[in-house]
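I opened a model today and kept notes as I went.

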Amino acid sequence: MTEQNKAVVRRLVAEVLNGGRLEVIEELYAPALADEAKAWIAPFRASFPDTHMEIIDLIAESDAVVGRFTCSGTHMETWLGYAPTGRRFEAIDEVGIYRFRDGRIVETWGLEDNLGRLEQLGLR
């Protein structure tokens, strides 16, 4: 089961976060969480349409997967109230913890270096 759960996170990164295929969220997340996932992923992808996440580590145990990622992208639309800068951020560290039930994500928790992102975009 842990390898199947890791495969779901790999699909999330490849197809949704990198590929922009928001419709895939319905397959990866439990119905109760899918709308919430779209509510944070869609605006981020709009702000940074060339988002690229790289998986550094995926560790799975029981019903959980912990991922360590880096994220890059170009600021093309308003993000966190900041007008587009056209600048690019590179290799921002992120960590996500995903809990699974019946092969779908039912809970998430994330930590990302938004200060580093703001600094690279010249906004801090």
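**Entry 1: ground rules**

I am working with a predicted model, in which local features need pLDDT of at least 70 and side-chain atom pairs count only at pLDDT 80 or more, while totals for chains, interfaces and linings use all residues. Residues are numbered from 1 along each chain as its sequence is written, and side-chain values use heavy atoms, with hydrogens and water left out.

**Entry 2: the largest pocket**

I looked for empty space first. Rolling a probe the size of a water molecule over the atoms shows where such space is left. I noted what a pocket is: on a 1 Å grid over the protein atoms alone, an open set of points where a 1.4 Å probe fits, with protein on both sides within 12 Å along at least five of seven lines. Lining residues have an atom within 4 Å of a point. The volume is the space filled by probe spheres set on the points, which are joined across faces, edges and corners.

The largest pocket holds about 500 Å³ of space. I found 24 residues in its lining, and Trp40, Phe44, Glu94, Gly110 and Glu112 are the closest to its centre.

Which elements supply the lining of the largest pocket? At least two residues each come from helix 1 (2-18), helix 3 (31-47), strand 2 (64-74), strand 3 (88-101), strand 4 (104-112) and helix 4 (114-120). Helices (H or I, at least four residues) and strands (E, at least two) are DSSP runs, numbered from the N terminus. Strand 4 gives the most to this lining, with five residues.

I then sorted the lining by class and got 16 nonpolar, five polar and three charged residues. In this sorting Ala, Val, Leu, Ile, Met, Phe, Trp, Tyr, Cys and Pro count as nonpolar, Asp, Glu, Lys and Arg as charged, and the others, Gly among them, as polar.

**Entry 3: the largest nonpolar core**

In soluble globular proteins, nonpolar side chains tend to be buried together. A nonpolar core is a set of buried Ala, Val, Leu, Ile, Met, Phe, Trp, Tyr and Cys residues joined through side-chain atoms within 4.5 Å. Buried means under 20% relative accessible area, exposed means over 50%, and partly exposed lies in between (1.4 Å probe, protein chains only).

The largest nonpolar core has 29 residues, of which Leu12, Tyr29, Ile41 and Ile105 touch the most other members. Helix 1, helix 2 (25-28), helix 3, strand 1 (52-61), strand 2 and strand 3 each supply at least two residues of this core. Helix 1 has the largest share, six residues.

Contact means heavy atoms within 4.5 Å. Not counting residues up to four places away in sequence, Ile105 touches Val8, Leu12, Leu28, Tyr29, Ala30, Leu33, Tyr98, Arg99 and Phe100.

**Entry 4: helix 3**

I checked the length of helix 3. The expected span of a helix is 1.5 Å times one less than its number of residues. Helix 3 has 17 residues and should therefore span 24 Å; its end C-alpha atoms are 25 Å apart, which agrees.

Its buried residues are Leu33, Ala34, Ala37, Ile41, Phe44, Arg45 and Ser47. Among the elements that cover them are helix 1, helix 2 and strand 2.

I picked out Arg45, which counts as buried because its relative accessibility is 14%. Arg45 touches Val16, Leu17, Asn18, Gly19, Gly20 and Thr51, leaving out residues up to four places away in sequence. Arg45 and Val16 are 29 residues apart in sequence, and 9.2 Å apart C-alpha to C-alpha.

Beyond four places in sequence, its contacts include Phe44, Glu94 and Glu112.

Asn5 is in helix 1 and is buried because its relative accessibility is 2%.

**Entry 5: positive phi**

Ala91 has a positive phi of about 55 degrees although it is not a glycine. Ala91 sits in strand 3 and is partly exposed, at 46% relative accessibility.

Asp102 is not a glycine and has a positive phi of about 55 degrees. Asp102 lies in the loop between strand 3 and strand 4 and is exposed, at 73% relative accessibility.
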